[in-house]
Amino acid sequence: MTRLSKKTSISELIVFRHDWTSAEVRLILEKPLIELLWQAQHVHRIANPGYKVQLASLLSVKTGGCEEDCAYCPQSMHNSSDVNMYPELEVKTVLQRAKAAKDAGADRFCMGWAWREIREGKDFEAMLLMVKGVRELGLEACVTAGMLTDKQACRLAEAGLTAYNHNLDTSPENYGQIISTRTYQDRLETLQRVRAAGITLCCGGIIGMGESIADRASLLTVLANLDPHPESVPINALVAVEGTPLEDLSCIDPIEMVRMVATARIIMPKSRVRLSAGREQLGRAAQILCLQAGADSIFYGDTLLTTANPAVAEDRELLSEAGVQVSWGQAQ
Ligand code: SAM
Ligand code: DTB
Ligand code: SF4
């Protein structure tokens, strides 16, 4: 545990490292809560002076029927969840939704496809038009659509894509319990392709899937050892959806989310830590603690991909009560 002597200066608490061990990260994750919060808040304020909380809006462009067998996901064809499989949304519809998100105050627009990987053809051409259109609205554009090739990553970069979301989801040790149809290595290679094309990385994971504290520390270690750190790190709490193998898991203790956020903040001082799925179950007080622990983004809008998110009015009230600065529609 970092002991603060009278001589320890606050700036010494901020380190940019890519050689963390899981044991070191676990020590942070399990610190006495008040000390953990104190340290995370100091790192955040010093690493990100004048920070603003970013509002990211999410839209499912292609919903359901995915070939992967992710145990948490209602969109997997291996699971029997009842998701509405609308036809893939058209470019015009997506851009109308992006404009509405901007008008509601979002400055990042994230689009999801329930795909194992991106395939060539009209759907990919439409994705490129959506990215271009979202950027022309003055919003950051993020896509999450599974694995991709180097060429597809370059074309997305040329279309102006700001970020590609591809999560590691859990630790390498626990991964086999959750997904069998693609490997951890596949995921790491996708992340490298995105980086090589010059697109920023949005990469995080999920807690509450029955993993141990060691697994959480291990996931955070892999994330922090990516060099550079992912620009955004979404931390999701499992939304246990009926019809998935994880449907009966109970909600995490909200403080566990606070600990994940604080640890991510400490070991990845400048990354945007996004409070992602599961906010409905967290409650107001824990969300405010997460903001204090260094979360500087939320998904904003009444739905995530297929599940509910807190209502916009509720979030506005929460952010105002927390007294954080928000970057209302300021992306360029
Ligand atoms: N198919 C693409 C992929 O897997 O990369 C993109 C969409 S996928 C739904 C994006 C991420 O959402 C997953 O990697 C996972 O971390 C998160 N997610 C999906 N279902 C979730 C659930 N029920 N609870 C929490 N997070 C979830
Ligand atoms: C991320 O890490 N969480 C978001 C976004 N990236 C794509 C998705 C959460 C999905 C939650 C379940 C659903 O709504 O289907
Ligand atoms: Fe498919 Fe993504 Fe869901 Fe896995 S998380 S089943 S890859 S949509």
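Visitor: Which residues touch the most other members in the largest nonpolar core?

Guide: Y72, M111, L156 and Y164 do, in a core of 95 residues. A nonpolar core is a set of buried Ala, Val, Leu, Ile, Met, Phe, Trp, Tyr and Cys residues joined through side-chain atoms within 4.5 Å. Buried means under 20% relative accessible area, exposed over 50%, and partly exposed in between, with a 1.4 Å probe and protein chains only. This is a predicted model, where local features need pLDDT of at least 70, side-chain atom pairs count only at pLDDT 80 or more, and totals for chains, interfaces and linings use all residues. Residues are numbered from 1 along each chain as its sequence is written, chains are lettered from A and ligands numbered from 1 in the order in which they are written, and side-chain values use heavy atoms, with hydrogens and water left out.

Visitor: Which helix gives the most to this core?

Guide: Helix 9, residues 254-267, with eight residues. Helices (H or I, at least four residues) and strands (E, at least two) are DSSP runs, numbered from the N terminus.

Visitor: New topic. What surrounds ligand 2?

Guide: 13 residues, and the closest are N167, N236, L305, T306 and T307. Being near a molecule or strand takes a heavy atom within 4 Å of it.

Visitor: What lies 2.8 Å from an oxygen atom of ligand 2?

Guide: A polar side-chain atom of N167. For N236, a side-chain N or O atom is 2.9 Å from an oxygen atom of the ligand, and for L305 a backbone N or O atom is 3.0 Å from one.

Visitor: Is R279 buried or exposed?

Guide: R279 is buried, at 1% relative accessible area. R279 lies in helix 10, residues 279-282.

Visitor: Which side chains does R279 have polar contacts with?

Guide: Q287 at 2.8 Å and D315 at 2.7 Å. A polar contact is a pair of N or O atoms within 3.5 Å; within protein, one must be able to donate a hydrogen and the other to accept it, and residues adjacent in sequence count only if both atoms are side-chain atoms.

Visitor: How many aromatic pairs are there?

Guide: Two. The W113 and W115 rings have centres 6.0 Å apart and planes at 40°, so that pair is tilted. The Y175 and Y184 rings have centres 5.2 Å apart and planes at 85°, so that pair is edge-to-face. Rings of Phe, Tyr and Trp (its six-membered ring) pair if their centres lie within 6.5 Å; planes under 30 degrees apart count as stacked, over 60 as edge-to-face and the rest as tilted.
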